[in-house]
Amino acid sequence: MSRNRFQHIDIEELSSSLGIEDVKRYSCIAAKSEGARDELVEVIFGQSPRAAGNAAWALTHLKDRELGFLLPYSNRMADLLMSDTTITLRRLLLNLLSRIGISECHERGDLLDFIFTQINHPDAPPGVRALCMRIAYLFCMQYPELKNELVETLSLPNAEELSRGDLHYRGKIRAMLKGH
């Protein structure tokens, strides 16, 4: 392995199937290099779906305190999230947005509508639903008037269709809302 491989983002490699060790390596590079972080972000917005997903996957392995650089990109992330993207990239973008917060895109009604729709969408995977619940909760902390709408959305008319994880996460969110 060349020394160069550890210092730069390899777009060609990101476009291929990566394992967890590769992802961790890119995450370590990003943790140490602002340029590498910016390259990974640009890959998310401008490359193939596989490369975008791998770049986002690497960024999800950064510590929360290392994700502040993503704040200026949060509106672009929200736009990509709501576009016709892969489920994997959608889940990874939701993960990143839920960890950096919604301060930069808190006035986005389209994002809020998308988040509320995904919570009960029958085709949304449990991970996407749970992350949407988390982001909806962040909106409620910023806008308390949304709490009733979230509680109503979390009511369980279709409980038989939900996984145990969904039920558990909904219960946690409801309990947190009651506490605030």
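Biologist: What makes the meeting of H3 and H4 a crossing, and at what angle do their axes cross?

Modeller: In this predicted model, the axes of H3 and H4 come within 7 Å and cross at roughly 145°, an angle taken between N-to-C directions on a scale from 0 to 180 degrees. H3 passes H4 in a left-handed crossing.

Biologist: Which residues of H3 meet which residues of H4?

Modeller: From H3 the residues are Leu40, Val41, Val43 and Ile44, and they meet Ala51, Ala52, Ala55, Ala56, Ala58 and Leu59 in H4.

Biologist: Why is Leu92 called buried?

Modeller: Leu92, which lies in helix H6, has a relative accessible area of 5%, and because buried means under 20%, Leu92 counts as buried.

Biologist: What is Leu92 in contact with, leaving aside its neighbours within four places in sequence?

Modeller: Leu92 is in contact with Gly53, Ala56, Trp57 and Thr60, where contact means heavy atoms within 4.5 Å. As for Ala56, it is 36 residues from Leu92 along the chain, while the C-alpha atoms of the two are separated by 6.1 Å.

Biologist: How do you know that Cys132 is buried?

Modeller: The relative accessibility of Cys132, a residue found in helix H8, is 0%, and the limit for buried is under 20%, so Cys132 counts as buried. Apart from neighbours within four places in sequence, Cys132 is in contact with Leu94, Ile115, Gln118 and Ile119. Ile119 is 13 residues from Cys132 in sequence, and the two are 6.0 Å apart in space, C-alpha to C-alpha.

Biologist: Why does Arg108, which lies in a loop, count as buried?

Modeller: Arg108 sits in the loop between H6 and H7, and its relative accessible area is 15%; since the cut-off is under 20%, Arg108 is buried. Not counting residues up to four places away in sequence, Arg108 touches Asn75, Ala78, Asp79, Met82 and Phe139.

Biologist: What lets you say that the charged end of Arg37 sits over the ring of Phe69?

Modeller: The charged end of Arg37 is 5.3 Å from the centre of the Phe69 ring, and the definition asks for CZ of Arg within 6 Å of the ring centre and within 35 degrees of the ring normal. Arg76 likewise lies over the face of Phe45, at 4.0 Å from the ring centre.

Biologist: How many residues does the largest nonpolar core have, and which have the most contacts inside it?

Modeller: The largest nonpolar core has 54 residues, and those with the most contacts inside it are Leu14, Leu40, Leu59, Leu70, Leu94 and Ile115. Several helices each supply at least two residues of this core, including H2 (20-32), H3 (34-46), H4 (49-60) and H8 (126-142), and the largest share, 8 residues, comes from H8. In soluble globular proteins, nonpolar side chains tend to be buried together. Leu70, setting aside its neighbours within four places in sequence, is in contact with Val41, Leu59, Met77, Leu96 and Ile100.

Biologist: Looking at the chain overall, how many helices and strands does it have, and what share of its residues counts as buried?

Modeller: The protein chain has 10 helices and 0 strands, and 45% of its 180 residues count as buried. Among contacts between residues at least 6 apart in sequence, 64% join residues at least 24 apart.

Conventions: Residues numbered from 1 in each chain as written. Predicted model: local features only at pLDDT ≥ 70, side-chain atom pairs only at ≥ 80, totals over all residues. Heavy atoms only, no water. Core = buried A, V, L, I, M, F, W, Y, C linked by side-chain atoms within 4.5 Å. Buried < 20%, exposed > 50% of the residue type's maximum accessible area, 1.4 Å probe, protein only. Helix = DSSP H or I, 4+ residues; strand = E, 2+ residues; numbered from the N terminus. Left-handed = near helix turned anticlockwise from the far one by under 90°.
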